[in-house]
Amino acid sequence: MVEAQEKHISISQVWRFLASMRVGLVLMFLLAGAASLGVLLPQGTTAVDQQDVFSKIKVFLGINQIFATWWFKVLACLLGINVIACVFNRTGAVLHVFRYPHMRVNAFERLKFNDTFTLKAGIHELTETVSQALLASRYRVMQSTEDEQVLFYGDKHRLAVLGPIIAHLGTLILLAGVVWGSFAAYEGEVSAVPGASFLLSKIATHRTGNLIDPDFKIQVNEAKTPSVQSEPKGNLSFVEDGTVALTGDVGFNSPLTYKNVSIYLVKFVNGVQVNINYQGKTTPVILTASGPNHTQVPGNEKLMLLWSNVNPLTNRPSVDFRLVKGTLETGTTVLQQGRLSTGTVTSSIENLTVSLEGYRGITILRAVKNPGLGLVLGGAFLLVLGMFISLMLSYRKIWVSLVQEGEQVLVSAGGYGKLKLDFEVEFNSLLEDIKGNQGG
Amino acid sequence: MAFIKSQNLENALLYFAVASYLLATLFYWAGFLTKNAVTPRYPVKLTVCGLLGNTLAIVVRLYKAGSFSIVDNTDFLLSFTWFAVFTGLLVIWRYRLKIIGIVLLSMVFALLVYVLATLEPVTAPLSFYGGDWLIGYLLTTAMSYGIFAVAFAVGVIYLMKDYLSKTNPRGILTQGLPALELLEELSYKIICYGFPIFSLSIAFGAVWANNLQGQYWDWTPKETWSFISWFAYVAYFHSRRLHGWRGTRSAWMAVMSFMAILFTFFGVSYFLPGQI
């Protein structure tokens with residue numbers, strides 16, 4: 001029994017800890033610190049020398065890819081749990097405040113703003129005055145009468161109470177979308193050369209397991225090069241089960257979507273096409289200034305072409321090459337080197353010739369399927385909506401009590417608002433209205 | 001029409017705005033140091049003149065671009081300073097707080113001098129990169145930065161007053177500054193308006209990036225520093241609520257959060273080049 005109680009206490013303690021705003025604040029600082037590290041340190045670099053102790057620590061902590069590390073994800077998850085716990089803990093109380101106005105006030109003097117005075121007037125006359133004054137300030141007014149006392153409760157911008165709940169719910173929906181996306185989304189990039197086609201499963205980066213369903217073939221019908229005032233465009237077809245299911249244009253800001261798979265035209269790069277002819281078989285290769293700098297000769301594992309100085313000019317394209325024997329790991333021997341330009345063909349060495357076909361404009365396409373996207377964007381806008389409601393509206397409450405004492409009425413008033421100075425002005429103005437109308 | 005499209009008109013308007021802001025800054029300082037004994041009305045009038053020049057410079061650039069767009073850093077900074085001055089004037093008018101001009105106008109003047117030094121001629125907007133989401137993103141960003149700049153100015157005045165109250169409580173300068181309570185609440189109120197707009201700008205940016213690249217978030221330095229700035233303001237609100245951080249701490253947080261905003265704009269571009 002005692003053990004069960006202790007267990008119960010410990011669970012509630014853990015829950016309280018997780019729901020604590022203090023923990024949320026610490027997690028936010030940690031995430032912000034980690035994110036700033038991710039910006040300041042080079043990211044996306046390959047693994048460092050494993051022999052060095054510092055390098056091992058760097059690899060363990062994933063310093064070169066902070067945003068994908070386990071600990072960054074753990075911090076984000078903990079923040080998500082914190083938000084969930086906060087929402088669970090506070091929603092009930094907030095909804096109660098929202099639905100059931102707190103009509104009674106125990107002691108006016110405990111309120112931040114309060115005043116008590118007497119007026120020579122009838123209570124019925126004063127009741128009307130208070131009600132009108134509150135309504136004129138756009139308060140929602142409730143009134144109750146008990147014995148000789150008339151009690152007013154007024155509030156405005158009550159919706160502000162729901163703002164934080166809406167914002168936190170939005171955060172939860174957003175995080176749910178991110179988590180769903182991280183498990184079920186995939187994407188991949190491919191160079192779109194007119195006439196080429198590719199299977200979605202061949203280019204997509206699988207985040208978890210084989211999620212490519214359904215698998216389409218995407219065929220590039222046309223890839224238009226950009227000019228001074230025209231954007232690059234592509235014309236694509238989705239081919240499913242051997243038949244064209246959808247054909248359409250794709251351009252910047254206008255993806256083509258079929259069955260929740262969207263194809264984006266993400267960039268356009270200039271390149272050159274080189275033809276490698278080995279033992280009578282020709283293989284085209286596209287080279288760009290920032291692309292791969294070597295190509296294994298198809299059909300011969302010992303021959304390799306190293307590329308440099310790729311000049312993707314439309315009128316005079318060129319590229320420097322070195323034909324080498326061997327591998328990059330074991331060392332290479334240069335067999336031939338030189339510069340290729342349009343129309344030049346290298347002399348045949350080991351049944352291999354290389355020629356430069358010409359300039360090629362290369363459109364880079366990205367295929368994306370992210371089922372969590374709707375949740376992310378919906379959650380983000382709900383989060384923003386909650387912020388607008390909670391921060392731009394100032395919840396204000398006022399209580400006024402009128403008690404007939406002989407020929408006089410004892411007036412007690414008090415209230416509070418989020419922005420104290422603004423509320424003070426309004427509260428004092430209200431009191432002036434009550435006093436002024438009665439000549440008090 | 002050729003006159004409007006000439007660079008001379010744009011330059012003249014910018015120089016007019018900069019000169020007006022400079023004079024306004026000097027008058028704000030003179031008013032502060034002499035307890036408004038010197039020409040108390042001039043600084044606000046000069047600020048309005050500067051805002052007029054700023055507005056016309058934006059209009060001329062929009063006309064030259066041929067569409068409603070914010071294309072480069074010049075356009076963005078002109079919009080940012082416009083929103084900062086406009087919000088500042090609203091605060092001055094509503095709360096009779098001319099004192100914020102000494103910080104706000106000094107900053108706006110410095111930003112516009114930077115604009116003049118790095119002035120980029122109007123280029124046709126890249127329609128294919130643009131779209132309504134991008135315009136929405138840049139406009140809300142400029143608006144929120146402008147509002148935060150005013151909160152920053154109020155925060156700095158708060159810290160000045162706080163420091164002077166402790167070191168020289170009866171001094172003329174100390175007496176010339178508004179009450180700490182007013183400054184504290186005003187700073188909070190302004191951030192309450194700026195923060196949802198800033199959050200909206202990040203959401204717009206995410207939608208734009210998704211339409212363009214198929215990725216709503218890519219942890220680029222710009223995105224990451226927006227995220228850090230956003231967290232800084234979230235921490236500002238939560239620390240007020242949780243620890244009751246008011247006064248000096250709250251003012252420092254408002255100032256530091258705006259520093260994060262400035263780093264998002266300038267720092268990322270200069271310290272992390274190629275990552276704009």
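## A tour of chains A and B

Start by colouring the two chains separately: chain A and chain B bury about 4,200 Å² between them, 72% of it on carbon and sulfur atoms. Buried area here is the accessible area, with a 1.4 Å probe, that two parts lose on being put together, summed over both. What you are viewing is a predicted model, where local features need pLDDT of at least 70 and side-chain atom pairs count only at pLDDT 80 or more, while totals for chains, interfaces and linings use all residues. Residues are numbered from 1 along each chain as its sequence is written, chains are lettered from A and ligands numbered from 1 in the order in which they are written, and side-chain values use heavy atoms, with hydrogens and water left out.

**Stop 1: between the chains**

Select the residues in contact (heavy atoms within 4.5 Å).

A salt bridge is a side-chain nitrogen of Lys or Arg within 4 Å of a carboxyl oxygen of Asp or Glu. Show Asp422(A) and Lys189(B): they form a salt bridge whose closest N and O atoms are 2.4 Å apart.

**Stop 2: a helix from each chain**

Helices (H or I, at least four residues) and strands (E, at least two) are DSSP runs, numbered from the N terminus. Now select helix H2 (residues 21-40) of chain A and helix H9 (residues 221-243) of chain B, whose axes come within 9 Å and cross at roughly 160 degrees. That makes H2(A) roughly antiparallel to H9(B). Axes are lines fitted to C-alpha atoms, for helices over the stretch in contact, and angles run from 0 to 180 degrees between N-to-C directions. Angles under 35 degrees count as roughly parallel, over 145 as roughly antiparallel, 65 to 115 as roughly perpendicular and the rest as oblique.

**Stop 3: inside chain B**

Pick helix H6 (residues 132-167) and helix H10 (residues 247-271), both of chain B. Their axes come within 8 Å and cross at roughly 140 degrees, which makes H6(B) oblique to H10(B). Show side chains at the contact, including Phe148(B) and Phe152(B) of H6(B) and Trp252(B) and Phe258(B) of H10(B).

**Stop 4: a link within chain A**

Over all chains, the whole structure has 13 salt bridges. For one of them, select Asp115(A) and Lys435(A), with closest N and O atoms 3.3 Å apart. This pair links distant parts of the chain, 320 residues apart: Asp115(A) lies in strand S1 (residues 113-120) and Lys435(A) in helix H9 (residues 420-438) of chain A.
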